[in-house]
Amino acid sequence: MTNHDNRSVAKDHVIVVTTYWYGPEERVSLLCGPNGYPKRFVSAEAADKYLDRYDSGPYYLAHDESSRATYEVKQIDDLEEYLAEQL
């Protein structure tokens with residue numbers, strides 16, 4: 001199924017990014033593309049393949065960031081429950 005209007009379609013997958021900061025503090029967000037919108041993938045395998053390339057290079061910590069970010073592939077339909085568990 002082609003999604004020409006850039007709206008979420010059931011079965012799409014996204015990458016959840018958790019960053020770790022001194023304090024301690026964790027921040028959860030979605031991995032976004034250069035347009036500022038979350039990157040979406042047609043399958044978990046496609047997202048994993050993207051992560052293999054995205055996370056293969058050096059990681060530079062931001063000011064007050066305590067460690068490397070972690071990434072999880074999630075189905076859009078499962079995000080509400082996942083995010084509720086994080087609060």
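## Acidic surface patch

Asp77, Asp78, Glu80, Glu81 and Glu85 form a patch of negative charge on the surface. Patches are built from residues with over 30% relative accessible area and no salt bridge, with like charges joined within 9 Å and nonpolar side chains (Val, Leu, Ile, Met, Phe, Trp, Tyr) within 5 Å. A salt bridge is a side-chain nitrogen of Lys or Arg within 4 Å of a carboxyl oxygen of Asp or Glu. Asp and Glu count as negative, Lys and Arg as positive, while His and the chain ends are not counted. Each charge is placed at NZ of Lys, CZ of Arg, CG of Asp or CD of Glu. Accessible areas come from the Shrake-Rupley method with a 1.4 Å probe, and for residues only the protein chains shown count as cover.

Asp78 counts as partly exposed because its relative accessibility is 40%; buried means under 20% relative accessible area, exposed over 50%, and partly exposed in between.

## Model and overall fold

This is a predicted model in which local features need pLDDT of at least 70 and side-chain atom pairs count only at pLDDT 80 or more, whereas totals for chains, interfaces and linings use all residues. Residues are numbered from 1 along each chain as its sequence is written, and side-chain values use heavy atoms, with hydrogens and water left out.

The protein has two helices and three strands, in the order β-β-α-β-α from the N terminus. Helices (H or I, at least four residues) and strands (E, at least two) are DSSP runs, numbered from the N terminus. Of the 87 residues, 24% count as buried.

Thr19 belongs to strand S1 (residues 13–21). With 15% relative accessibility, Thr19 counts as buried. Its side chain makes a polar contact of 2.9 Å with that of Trp21. A polar contact is a pair of N or O atoms within 3.5 Å; within protein, one must be able to donate a hydrogen and the other to accept it, and residues adjacent in sequence count only if both atoms are side-chain atoms.

Pro24 lies in the loop between S1 and strand S2 (25–30). The peptide bond from Gly23 to Pro24 is cis, with omega near -15°.

## The loop between H1 and S3

Pro58 is located in the loop between helix H1 (44–54) and S3, and counts as exposed because its relative accessibility is 63%.

Although not a glycine, Asp64 has a positive phi of about 75°. At 42% relative accessibility, Asp64 is partly exposed.

Terms used
Buried < 20%, exposed > 50% of the residue type's maximum accessible area, 1.4 Å probe, protein only.
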